[in-house]
Amino acid sequence: MSLSVDRRSLLALPAVGAAGLAAARLGALVPPAQAASPAILKPTPPATFIDFGTNAEMRFSAVDPRRYLTPQPRLFVRNHTRTPQIDPATYRLRLHGDGLRRPEGVSLGLDELRRRFRVVELTSVHECTGNGRSFFATQQGTPAPGTQWTLGAVGTVRWQGVRLRDVLRWAGVRPDAVSIQAVGLDDDYIDKGENLGRVRRAFPVAKALDDALLAWGANGRPLLPDHGFPLRLVLPGWVGIASIKWLGELEVARRELTSPWNTRWYNIGGPLTVNPVRSAWELPWEAALPAGRSVVLTGRSWSGAAPIARVEISTDGGTTWRAARLRRDDARSADHGNGWTRWSHVWRSPRAGRHELLARATDRLGRTQPDVAAANPNGYFFDAVVRHPVVVG
Ligand SMILES: Nc1nc2c(c(=O)[nH]1)N[C@H]1C(S)=C(S)[C@@H](COP(=O)(O)O)O[C@H]1N2
Ligand SMILES: [Mo]
């Protein structure tokens, strides 16, 4: 591994600044043993995960219907490179840029973050933009490159941390600041031989001042290394890439900032922001169900924009539809905030044979899952109703 930072990677890191470059040089000194460490550190057993190399999908068939939140050991992982191990004792978050009154900026350790700002909790759906991508191929005949997720690149998490707006005000954000670039501390991302620098993405100051969180906890526990320990950004309801893990830096600017993660990727005629509406059955694909008896079927629906208002179910491949029974506590509880909604449906005495189960959700903004998802080159936002096969017999 080279100890020098070549000119191209310097050019690819215009927003990172001196501290980032120093860290990049340190990164080059990682001994081979660590460089060969697995991309994901937590166990991802095949009973609960689908292995996609640096990514891992949660199996909906292994989701416990009684449990609302997704425990971290079960949460999907999406890594561009590999999970870094960061020492919380020396960790600092740096804020800088011309959108701050003092552009040279400030930095904060974890203890300072906890002590200085009001600690808050917030529940949100956490989901990858490409969730459901495999159905572009299998259901619509328009395959898209990238991780072939089924529907398990999603979870609902209760985050613990501090409001980014509190931190920004303390750091002296200017009224004319418009854009913030969040930069991760994981390795540079190399795409087909091109070093694109650290995983980073810009988002509007308006989102930062609304509900963005700097989170150190998930469901009351410290973040696992795979999920961003010691600190990650959380942009509730937005595409997963917006929630930068292992957050090292926030550049606050008075002009629009960009990175390949909002221009080249996660972009359909503009940077993607709010996640669409989706639903999943808590069943294996081609689940075997008993004939002649009533079965209680369960699943979940979610939206990046608003709580779920209703879910319709079809057990005859889409000919007739019935209302699913929503869990009241999920649909209403302020505690559940922007989380998903569990539902159930009693399927009375299904006949032997193959069937397709369909679930179609509508959120409180009136957004309904379509029959066909809009094709796009990278296979984002598959939000169509998924036809889930089961075998009764
Ligand atoms: N630093 C960094 N942040 C990142 C990523 C990454 O590879 N590096 N992946 C992003 C993507 S595409 C998603 S979907 C989420 C996944 O978060 P999780 O692995 O905690 O589930 O993190 C986002 N934040
Ligand atoms: Mo993602």
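**Figure 1. Lysine 192 in the loop between strand 9 and strand 10.** In this predicted model, lysine 192 is found in the loop that lies between strand 9, residues 190-191, and strand 10, residues 194-195. Lysine 192 is not a glycine, and yet its phi is positive, at about 50 degrees. Most residues other than glycine have a negative phi.

**Figure 2. The cis peptide bond from phenylalanine 229 to proline 230.** Proline 230 has its place in the loop between strand 13, residues 221-222, and strand 14, residues 232-234. Most peptide bonds are trans.

**Figure 3. The residues around ligand 1.** Ligand 1 is surrounded by 20 residues, of which the closest are Phe76, Asp186, His227, Arg232 and Lys245. Sorted by class, this shell holds 8 nonpolar, 7 polar and 5 charged residues. The space that ligand 1 takes up is the largest cavity.

**Figure 4. Polar atoms that face ligand 1 from histidine 80, aspartate 186 and serine 243.** An oxygen atom of ligand 1 lies 2.8 Å from a polar side-chain atom of histidine 80. In the side chain of aspartate 186, an N or O atom is 2.6 Å from a nitrogen atom of ligand 1, whereas for serine 243 it is a polar backbone atom that lies 3.1 Å from a nitrogen atom of the ligand. On its own, ligand 1 has 540 Å² of accessible area, and the protein covers 100% of it.

**Figure 5. The open sheet of 3 strands, in the order 1-2-3.** The pairing in this sheet is antiparallel. Strand 1, residues 49-52, and strand 3, residues 77-78, stand at the edges with a single partner strand each, so that one side of each has no neighbour in the sheet. Strand 1 and strand 2, the latter formed by residues 55-58, run antiparallel and are joined by 4 bridges. Within this part of the view, aspartate 51 stands opposite alanine 56 of strand 2.

**Figure 6. The open sheet of 4 strands, in the order 16-18-22-21.** Here too the pairing is antiparallel, and the edges are formed by strand 16, residues 277-281, and strand 21, residues 325-326, each of which pairs on one side only. Leucine 297 has histidine 345, in strand 22, as its bridge partner. Strands of a sheet pair through backbone hydrogen bonds.

Key: Residues are numbered from 1 along each chain as its sequence is written. Chains are lettered from A and ligands numbered from 1 in the order in which they are written. This is a predicted model: local features need pLDDT of at least 70, side-chain atom pairs count only at pLDDT 80 or more; totals for chains, interfaces and linings use all residues. Side-chain values use heavy atoms; hydrogens and water are left out. A residue is near a molecule or strand if one of its heavy atoms lies within 4 Å of it. A polar contact is a pair of N or O atoms within 3.5 Å; within protein, one must be able to donate a hydrogen and the other to accept it, and residues adjacent in sequence count only if both atoms are side-chain atoms. Accessible areas come from the Shrake-Rupley method with a 1.4 Å probe; for residues, only the protein chains shown count as cover. On a 1 Å grid over the protein atoms alone, a cavity is a set of points where a 1.4 Å probe fits but cannot get out, and a pocket is an open set with protein on both sides within 12 Å along at least five of seven lines; lining residues have an atom within 4 Å of a point. A molecule sits in a cavity or pocket if more than half of its atoms lie within 2 Å of its grid points. Ala, Val, Leu, Ile, Met, Phe, Trp, Tyr, Cys and Pro count as nonpolar, Asp, Glu, Lys and Arg as charged, and the others, Gly among them, as polar. Two strands pair if DSSP finds at least two bridges between them. Helices (H or I, at least four residues) and strands (E, at least two) are DSSP runs, numbered from the N terminus.
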